[in-house]
Amino acid sequence: MNGIILRKKLAFHEDKIITVLSESYGVIDIIIKRKEKQLNIISEVLSFCSFYIYKKKDNYFLKHLYIKESFYSLSSDLEKFTISSYFSEIIIFLLSNENNTKDYIYLLMNSLFLIKYDKRDIIFIKFVFELKIISLEGFMPDVAYCKVCGIYEEDFMFFCLLEGCIYCQKCNKSNSGLVKISLSVLKAMRFIIYSDIQKIFNFNLSDLNKEILSNIIERYFINNTSEKFKSLEIYKSLNNNLNGECNV
């Protein structure tokens with residue numbers, strides 16, 4: 001069984017539990033017995049591994065694992081590790097015994113790869129991940145046409161954070177949940193939502209539009225999950241501190 005270690009914690013009698021996003025069973029907990037010291041050492045969070053497990057009663061136990069790809073180096077950078085932990089936290093919250101986790105594993109692995117090798121900005125990776133995974137989970141925004149008149153696009157339109165749809169300038173409602181978005185931001189949202197999982201990072205956006213889209217997607221994501229993610233709060237706190245230092 002292949003999968004990614006999302007979390008590791010202490011269990012009873014000094015056993016350890018690793019939470020894994022697996023190809024076969026969705027998100028599952030696997031117990032590492034206290035006596036398996038070597039397995040405990042090598043089972044690092046954010047590693048993509050082949051797991052050899054056995055089941056006893058209702059619990060899975062780790063017999064052996066082989067690391068295929070390690071993202072352990074992310075732990076040396078607080079910002080990178082925190083945002084990676086946020087992605088893991090999202091998956092643990094949203095998924096359980098999913099029958100097909102192929103897209104989720106690809107999304108997480110690709111995101112971690114881009115973070116590890118500084119291929120894209122973290123803010124960029126973050127909003128792409130949030131929008132794609134919330135869409136996969138059944139909360140896909142309808143940004144194809146204006147909800148009222150069906151117009152495809154204008155220089156700017158309005159995205160509704162509450163309904164997850166768009167309105168044109170003529171059909172714009174007096175609604176506090178509406179956010180004005182440029183055509184560039186709208187096209188980026190459409191690309192993320194409607195593209196194949198392998199292509200979702202293959203576009204560019206200005207720094208200003210990245211900030212705008214990041215804010216919109218985070219708000220939409222939180223509205224639909226109604227969850228406070230600890231790693232997200234830490235990540236935002238880190239960025240606030242950095243911005244504060246830059247302004248001195």
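In this predicted model, the lining of the second largest pocket is made up of seven nonpolar, three polar and four charged residues. Of its 14 lining residues, Leu 6, Arg 7, Ser 85, Glu 89 and Ile 92 lie nearest the centre. Two elements, β1 and α2 (78-94), each give two or more residues to this lining. Helix α2 provides the largest share, six residues. The space in this second largest pocket is about 290 Å³.

The largest pocket holds about 380 Å³ of space. Its lining counts 15 residues, and those nearest the centre are Ile 123, Glu 211, Ser 214, Tyr 235 and Asn 239. At least two lining residues come from each of α4 (122-139), α6 (207-225) and α7. Helix α6 gives the most, with seven residues. By class, this lining has eight charged, five polar and two nonpolar residues.

| Pocket | Space | Lining residues | Top contributor to the lining |
|---|---|---|---|
| Largest pocket | about 380 Å³ | 15 residues | α6, seven residues |
| Second largest pocket | about 290 Å³ | 14 residues | α2, six residues |

Strand β1, which takes part in the lining of the second largest pocket, also belongs to a set of paired strands. It covers residues 2-10 and runs antiparallel to β4 (residues 47-56), with three bridges joining the two. Within this pairing, Asn 2 stands opposite Ser 50 of β4.

Which strand pairs with β4 over ten bridges? That partner is β5 (residues 59-70), and the pairing is again antiparallel. Here Cys 49 has Ile 67 of β5 as its bridge partner. β4 and β5 form a hairpin with two residues between them. In the turn, Lys 57 has a positive phi of about 60 degrees.

How confident is the predictor, and where is confidence lowest among the elements? The average pLDDT of the protein is 90, and 95% of the residues score at least 70. Among the elements, helix α5 (residues 183-194) has the highest mean pLDDT, 97, while helix α7 (residues 230-246) has the lowest, 75. Over residues 244-248 the pLDDT is below 50, and this stretch has zero contacts in the model beyond near neighbours in sequence. Where pLDDT is low, the predicted coordinates should not be read in detail. Helix α7 is also one of the elements that supply at least two residues to the lining of the largest pocket.

Note on methods
Residues numbered from 1 in each chain as written. Predicted model: local features only at pLDDT ≥ 70, side-chain atom pairs only at ≥ 80, totals over all residues. Heavy atoms only, no water. Pairing = 2+ DSSP bridges. Helix = DSSP H or I, 4+ residues; strand = E, 2+ residues; numbered from the N terminus. pLDDT = per-residue confidence, 0-100. Contact = heavy atoms within 4.5 Å. 1 Å grid on protein atoms, 1.4 Å probe; cavity = no way out; pocket = protein on both sides within 12 Å on 5 of 7 lines; lining within 4 Å. Points joined across faces, edges and corners; volume = space filled by probe spheres on them. Nonpolar A, V, L, I, M, F, W, Y, C, P; charged D, E, K, R; others polar.
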